[in-house]
Amino acid sequence: MSLASGAGPQLLLFSLGMGLVSGSNCPVNCLCQAQEVSCTGMQLMEYPLNIPLNTRRLLLSNNKIASLPALQLGFLSDLVYLDCQNNRIRELMDYTFIGVFKLIYLDLSSNNLTSISPFSFSVLTNLVRLNISNNPHLLSLDKYTFANTTSLRYLDLRNTGLRTIDHEALHHLVALQTLYLSGNPWKCNCSFLNFAIYLLVSKLDHPDGQNATCTEPTELSGWPITRVGNPLQYMCITHLDHQDYIFLLLIGFCIFAAGTVAAWLTGVCAVLYQNAHRKSSGDDTEDESGNRVTDQIFRSNSYFGQSRFPQLT
Ligand SMILES: *[C@@H]1O[C@H](CO)[C@@H](O)[C@H](O)[C@H]1NC(C)=O
Ligand SMILES: *[C@@H]1O[C@H](CO)[C@@H](O)[C@H](O)[C@H]1NC(C)=O
Ligand SMILES: *[C@@H]1O[C@H](CO)[C@@H](O)[C@H](O)[C@H]1NC(C)=O
Ligand SMILES: *[C@@H]1O[C@H](CO)[C@@H](O)[C@H](O)[C@H]1NC(C)=O
Ligand SMILES: *[C@@H]1O[C@H](CO)[C@@H](O)[C@H](O)[C@H]1NC(C)=O
């Protein structure tokens with residue numbers, strides 16, 4: 001008896017410890033089987049506790065979770081599949097996913113993301129599918145957000161309020177195949193040109209390509225952004241504004257003025273030279289009559305010069 005009562009608390013501590021280490025528990029209201037934990041549609045307000053540590057698939061969709069805690073998530077180092085669709089996640093901090101570096105599938109669609117830190121996905125080098133669609137208050141993405149997600153093949157950016165995107169933002173996604181961009185108020189000004197050219201040359205699959213259109217400027221409104229590269233290039237590189245015409249006109253005038261001045265100076269020099277030549281060589285020119293045609297032309301010019309010369313001095 002005395003032995004059993006002594007072992008009781010030890011056993012409890014031991015099983016608790018085993019529970020934490022082996023992860024044999026299951027969160028309340030969730031279903032746990034074969035390394036998958038499903039807490040879908042359980043009205044959860046917070047990330048659930050007691051998730052088995054060997055979990056590979058975690059389904060948290062259709063709840064009211066407001067944030068993902070990096071620390072707790074980090075215990076799940078085998079996690080490859082994380083579905084957080086339709087929750088209330090507002091932001092992703094630096095290194096939110098630092099412990100779950102094996103992640104292949106990440107669904108953050110239909111949340112209320114207002115910002116994604118550039119280092120949120122920095123360790124997710126195995127990520128193949130990322131869905132951040134239906135986060136209408138996101139509005140912008142940092143140019144380094146996808147710098148290390150080099151395995152990404154599917155990226156869904158629909159309905160994220162994006163107006164523009166840095167042309168280098170997707171440059172590291174060498175494996176990217178499918179990109180969704182519709183439902184965003186794309187602003188196709190000249191800063192957008194490089195991204196538009198990237199879309200033209202990068203041979204990606206755009207299943208919603210016809211619906212991903214410019215809303216601004218009005219001349220390009222309705223153009224699919226996957227094909228706006230050429231008109232944008234025309235508008236931004238070859239197209240001339242009023243200022244450009246005025247500038248060209250000024251340049252033309254300057255060239256004309258410089259030419260006139262140069263011609264006048266040449267004329268003055270020629271006249272001065274003729275003056276000096278006439279004074280030094282006297283009657284010589286008259287004795288050289290009957291030479292080659294070019295000489296005659298020169299001489300006729302020089303006679304002309306001589307005849308005009310006295311009037312000029
Ligand atoms: C992203 O999630 C939305 C729903 O939130 C879904 O309709 C869409 O098909 C998903 N995109 C991809 C590429 O799986
Ligand atoms: C989502 O975020 C926006 C901007 O922060 C806020 O105005 C809105 O109330 C939020 N919506 C929900 C459902 O939390
Ligand atoms: C990408 O990974 C490297 C090395 O792992 C790290 O130094 C860098 O900060 C990461 N960059 C981003 C933008 O996460
Ligand atoms: C284009 O629009 C974006 C977003 O409004 C702005 O940041 C950028 O300065 C604009 N670029 C030009 C060349 O007007
Ligand atoms: C494009 O938008 C229209 C109207 O909103 C919709 O009916 C259609 O399914 C969309 N097409 C694609 C490929 O997303």
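User: What does the side chain of Asn184 have around it, at the backbone nitrogen of Gly161 for instance?
Analyst: In this predicted model, a polar atom of the Asn184 side chain lies 3.1 Å from the backbone nitrogen of Gly161. Another backbone atom, the oxygen of Leu181, lies 3.2 Å from a polar atom of that side chain. By polar contact I mean a pair of N or O atoms within 3.5 Å; within protein, one must be able to donate a hydrogen and the other to accept it, and residues adjacent in sequence count only if both atoms are side-chain atoms.

User: Where is Asn184, and is it buried or exposed?
Analyst: Asn184 is in the loop between S10 and strand S11 (186-187). Asn184 counts as buried because its relative accessibility is 5%. Buried means under 20% relative accessible area, exposed over 50%, and partly exposed in between (1.4 Å probe, protein chains only). Strands (E, at least two residues) and helices (H or I, at least four) are DSSP runs, numbered from the N terminus.

User: OK, ligands. Which residues surround ligand 4?
Analyst: Lys187, Asn189 and Ser191. A residue is listed if one of its heavy atoms lies within 4 Å of the ligand.

User: And how do their side chains meet ligand 4?
Analyst: An N or O atom in the Lys187 side chain is 3.1 Å from an oxygen atom of ligand 4. For Asn189, an N or O atom of the side chain is 2.3 Å from a ligand oxygen. Ser191 has a side-chain N or O atom 2.6 Å from a nitrogen atom of ligand 4. On its own ligand 4 has 360 Å² of accessible area, and the protein covers 44% of that. Those areas come from the Shrake-Rupley method with a 1.4 Å probe; for residues, only the protein chains shown count as cover.

User: What about ligand 3, which residues are around it?
Analyst: Phe119, Ser122, Tyr144, Ala147 and Asn148 surround ligand 3. A polar side-chain atom of Asn148 lies 2.3 Å from an oxygen atom of ligand 3. The protein covers 46% of the 360 Å² that ligand 3 has on its own.

User: How many charged residues are in the shell around ligand 3?
Analyst: None; the shell has three nonpolar and two polar residues. Here Ala, Val, Leu, Ile, Met, Phe, Trp, Tyr, Cys and Pro count as nonpolar, Asp, Glu, Lys and Arg as charged, and the others, Gly among them, as polar.

User: Ligand 5, which residues are around that one?
Analyst: Pro207, Asp208 and Asn211. Ligand 5 exposes 370 Å² taken alone, and the protein buries 26% of that.

User: Switching topic: in what order do the eight strands of the open sheet run?
Analyst: S1-S2-S3-S4-S6-S8-S9-S10, with mixed pairing. Two strands pair if DSSP finds at least two bridges between them. Strand S1 (31-33) and strand S10 (178-180) are at the edges with a single partner strand each, so one side of each has no neighbour in the sheet.

User: In what sense do S8 and S9 pair?
Analyst: Strand S8 (residues 129-131) and strand S9 (residues 154-156) pair in the parallel sense, over three bridges. Leu130 stands opposite Leu155 in S9.

User: Where do Asn86 and Tyr95 sit?
Analyst: Asn86 is in the loop between strand S4 (81-83) and strand S5 (91-92), and Tyr95 is in the loop between S5 and strand S6 (105-107). Asn86 counts as partly exposed at 35% relative accessibility, and Tyr95 counts as partly exposed at 35% too.

Technical notes:
Residues numbered from 1 in each chain as written. Chains lettered and ligands numbered in written order. Predicted model: local features only at pLDDT ≥ 70, side-chain atom pairs only at ≥ 80, totals over all residues. Heavy atoms only, no water.
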